[in-house]
Amino acid sequence: EARSLKEKPDFVIFAAFHFDPEAAKDIDQMDWKGVTILKAQMSVDLLTADLRKKRSSNQSYWLIGQPDVEVKKHKDDRFVVKVNGFDYYNPITGEIESKGTSHIAMWFLDTDYDERCILPDQVFFPEGDQKRDWSRLARALKSEVNAEALEKFSGVQSLPFTAGDNKKIAVKIIDNRGIESFVIKELR
């Protein structure tokens, strides 16, 4: 329908509560010169009218794009994934806003994605700041927290891993509002 419009749009946004992997693949393969094609995952709050926020500052209708991730293959045939950020569609301004990693509360990496469910091998809490200070947790657990392991899992870059049988990964992010989004990448 969008291709039949007199004026070519700048953006075509596919919005859904969840993207089936096959549908997501079809959207990813679309090629329309000069038109940005985006997938936006809608918050499930939209399904429950009485949970919708009345004030624009508490807006629950935020569309989140897929995470922007890089997959790098090293000479030893192991891979590393780096999360660069994601995009929001801001319904108040009508603009797409690129967000960095500081808006990511948590991200998961499934190193052998089977297209049925995400089973994370690595879980990260990026960008330590005052709100995410782990020293209080370490004190509460009386030094039972492995500081070295915590450091490894507090960034935006994964630990090295080898490709699984499925030769695909899934990266799922949760932003600081609790909105989730994920992306699937093939390992080559």
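Helices here are DSSP runs of H or I with at least four residues, strands are runs of E with at least two, and both are numbered from the N terminus. By that count, the protein has three helices and eleven strands. Keep in mind that this is a predicted model: local features need pLDDT of at least 70, side-chain atom pairs count only at pLDDT 80 or more, and totals for chains, interfaces and linings use all residues. Residues are numbered from 1 along each chain as its sequence is written, and side-chain values use heavy atoms, with hydrogens and water left out.

The overall picture, then. From the N terminus, the order is β-α-β-β-β-β-β-β-β-α-α-β-β-β. The protein has 188 residues, and 31% of them count as buried. Buried means under 20% relative accessible area, exposed means over 50%, and partly exposed is in between, with a 1.4 Å probe and protein chains only. Now contacts, meaning heavy atoms within 4.5 Å. Take those with a separation of 6 or more: 59% come from residues 24 or more positions apart.

Next, strand S10, residues 168–175. Seven of its eight residues are buried. Which strands pair with it? Pairing requires at least two bridges found by DSSP between two strands. S7, residues 104–110, runs antiparallel to S10, with six bridges. There, Ile104 stands opposite Asp175. S11, residues 180–186, is also antiparallel to S10, over seven bridges. In that pair, Lys168 has Glu186 as its bridge partner. The S10–S11 hairpin has four residues between the strands, and Gly178 takes a positive phi near 95°.

Now to one lysine. Lys39 sits in strand S2, residues 36–41. Is Lys39 buried or exposed? Buried, because its relative accessibility is 8%. What does its side chain meet? The Lys39 side chain makes one with the side chain of Asp28, at 2.5 Å. Another joins the side chains of Lys39 and Gln66, at 3.1 Å. Beyond neighbours within four places in sequence, Lys39 is in contact with residues including Phe14, Phe19, Ala24, Ile27 and Ile64.

Last stop, Pro91. This proline is in the loop between S5 (78–90) and S6 (95–99). Pro91 counts as partly exposed because its relative accessibility is 23%. Pro91 and Leu63 are 28 residues apart in sequence, and their C-alpha atoms are 8.1 Å apart.

Technical notes: A polar contact is a pair of N or O atoms within 3.5 Å; within protein, one must be able to donate a hydrogen and the other to accept it, and residues adjacent in sequence count only if both atoms are side-chain atoms.
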